[in-house]
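Please read the following report alongside the sequence and the 3D view. It covers the fold, the surface and charge pairing.

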Amino acid sequence: MQGDNGVGKTTLLAQMIARLRMSEPNARVTLVNAHSTRFGAAEDLRAYGRMARLAAPLVAPGGFLFTASCSHHAPLTDWSRQIAWGIHRARREGQVLAT
C-alpha cells in the first residue's frame, strides 16, 4: 500500500484486521512493519523487495503480509513488482489484494 502521510493506510489495516477477526475469531495476526527512509531511488525499491523476502517467511500459512509506504515518489507498479519479487524469492505464494 502506498500513499501520503495521513491518508488512512494504518486505519485501513486496522479495519482489515477487525473484519478478519470478526469472520474468523481464532485467526492469528502477525504484523511486520518495514520502512525505507529515502524511497524512490532504485536501491530503495530493491530494499522493499528484500524486506518482503525477509518478512514473507514470518507470515503464517493463510496469513497476510501488509506492506506500506508513505511515499509516492516511485510508480506503484514498480513498488508492487518489487514486493511480489521478494515474496517469490522467499519461495512463498501471494497475491496483491489492494493497491
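## Contacts and model

A contact means heavy atoms within 4.5 Å. Among contacts in the protein between residues at least 6 apart in sequence, 61% link residues at least 24 apart.

The model is predicted, so local features need pLDDT of at least 70 and side-chain atom pairs count only at pLDDT 80 or more, while totals for chains, interfaces and linings use all residues. Residues are numbered from 1 along each chain as its sequence is written, and side-chain values use heavy atoms, with hydrogens and water left out.

## Secondary structure

The protein has three helices and zero strands, in the order α-α-α from the N terminus. Both kinds of element are DSSP runs numbered from the N terminus: helices are H or I with at least four residues, strands E with at least two.

## Surface and burial

The accessible surface (Shrake-Rupley method, 1.4 Å probe; for residues, only the protein chains shown count as cover) is about 7,000 Å², and carbon and sulfur atoms hold 53% of that.

Of the protein's 99 residues, 29% are buried. Buried means under 20% relative accessible area, exposed over 50%, and partly exposed in between, with a 1.4 Å probe and protein chains only.

## Salt bridge

Side chains of opposite charge can pair when their charged atoms come close. One salt bridge is present in the structure, defined as a side-chain nitrogen of Lys or Arg within 4 Å of a carboxyl oxygen of Asp or Glu.

The partners are aspartate 78 and arginine 81, with 3.1 Å between the closest N and O atoms. Both belong to helix 3 (residues 76–89) and sit three residues apart, about one turn of the helix. Aspartate 78 is partly exposed because its relative accessibility is 27%; arginine 81, at 52%, counts as exposed.
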